[in-house]
Amino acid sequence: MGGTMPPERLPLVAGNWKMNFDHLEATYFIQKLAWTLRDSHFDSHRCEISIMPSFTSLRSVQVLVEADHLPLSYGAQSVSVTTQGAFTGDVSADMLARLGCEYVIVGHSERRKYHPEDDANIVDQVRAVLAAGMHPILCVGESFEERRQGIALDFAVGQVTDVTRDLSDEQTSNILIAYEPVWAIGTGMVATPESAQEAAGAMRENIRSAFDDSVSAAVRILYGGSVTSRNAAQLIEQPDIDGFLVGGASLDVDEFASIARITEKFVRRLGRH
Ligand code: PGA
């Protein structure tokens, strides 16, 4: 698909802070980000900015965003598949929704690697997030091994199919996909704009064949993996890439704000929104 991004696909630049920043550092970061964006007349109607801090910072971020009406959304990095009960250390989707979370990252490759998060668990997380009225950001992407075997595209598209297979049109249109080749995460090796587009386009096409056309037109597909202000412009120009999931570069206010500004400028140039 591609070509014209419908108005409902507002680009999203999301910062995945991973296990960085305590709540005081988070507060300082959010305040500085808000000043930086205000100084550059950033237009949040053209590009949404979202921050995914650790659980311990969510309440501080919520208070700041609500008190100062900041043009930012925020979310969590994972969620429990159960609603409540004897699950020591877990956090439910309802708890996150009550904190004003808009998004929850689901199935990040680091979670898949360090925690027992298999496909079934990831489907359950997606359902839990949707049931609580939030949007899952479903992370998929091939490792170096699948790339070496030449099955990268089938692998990443297959991961999307595995999760969306039993979901309704409405549920699927509320999901965001982050195409994050595992070999590109935190390595400084970014996918080429062409290969990122090829994967995003194949994912959208796959959704189009399984769901209503309006679903594939609405689903936002982000690219993630060593995104910086140096490579963001070429990536955002790709018709099926609707923004970024940024790890390392989201820990530096100026760098993160630049990636958001590059995305916003691109939308402005196209006259979208
Ligand atoms: P990176 O991480 O930008 O540091 O490569 C991206 C991610 O893990 O979401």
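The second largest pocket has a volume of about 260 Å³. A pocket here is an open set of points, on a 1 Å grid over the protein atoms alone, where a 1.4 Å probe fits, with protein on both sides within 12 Å along at least five of seven lines; lining residues have an atom within 4 Å of a point. The volume is the space filled by probe spheres set on the points, with grid points joined across faces, edges and corners. Among the 16 residues lining the second largest pocket, Val 79, Ser 80, Asp 90, Arg 111 and Glu 117 come closest to its centre. Its lining comprises six nonpolar, seven polar and three charged residues. In this grouping, Ala, Val, Leu, Ile, Met, Phe, Trp, Tyr, Cys and Pro count as nonpolar, Asp, Glu, Lys and Arg as charged, and the others, Gly among them, as polar.

The model is predicted, so local features need pLDDT of at least 70 and side-chain atom pairs count only at pLDDT 80 or more, while totals for chains, interfaces and linings use all residues. Residues are numbered from 1 along each chain as its sequence is written, and side-chain values use heavy atoms, with hydrogens and water left out.

The largest pocket holds about 380 Å³ of space. It is lined by 14 residues, and those closest to its centre are Lys 18, Met 19, Gln 77, Arg 111 and His 115. Five of the lining residues are nonpolar, six are polar and three are charged. Helix H4 (residues 109-114) supplies the largest share of this lining, three residues. Helices (H or I, at least four residues) and strands (E, at least two) are DSSP runs, numbered from the N terminus.

Turning to the fold, eight strands close into a barrel in the order S1-S2-S3-S4-S5-S6-S7-S8, with parallel pairing. From one strand to the next, the twist averages 25°. Strands S3 (residues 73-76) and S4 (residues 103-106) run parallel and are joined by two bridges; two strands pair if DSSP finds at least two bridges between them. Gly 75 stands opposite Tyr 103 in S4. Helix H5 (residues 119-131) packs on the sheet, where it touches S4 and strand S5 (135-140), and its direction makes about 175° with that of S4. Such angles run from 0 to 180 degrees between N-to-C directions, with axes fitted to C-alpha atoms, for helices over the stretch in contact.

Which residues does Gln 125 touch, not counting those up to four places away in sequence? Gln 125 lies in helix H5 and touches Ser 78, Val 79, Val 81, Ile 105, Val 106 and Glu 117, contact meaning heavy atoms within 4.5 Å. Gln 125 counts as buried because its relative accessibility is 1% (buried means under 20% relative accessible area, exposed over 50%, partly exposed in between, with a 1.4 Å probe and protein chains only).

Most residues other than glycine have a negative phi. His 41, in the loop between helix H1 (23-39) and strand S2 (48-52), has a positive phi of about 50° although it is not a glycine. At 67% relative accessibility, His 41 is exposed. Ser 226, in the loop between strand S7 (220-224) and helix H11 (232-236), also is not a glycine, yet has a positive phi of about 60°. Ser 226 is buried, with a relative accessible area of 17%. Thr 192 sits in the loop between strand S6 (176-179) and helix H9 (193-210) and is partly exposed at 40% relative accessibility.
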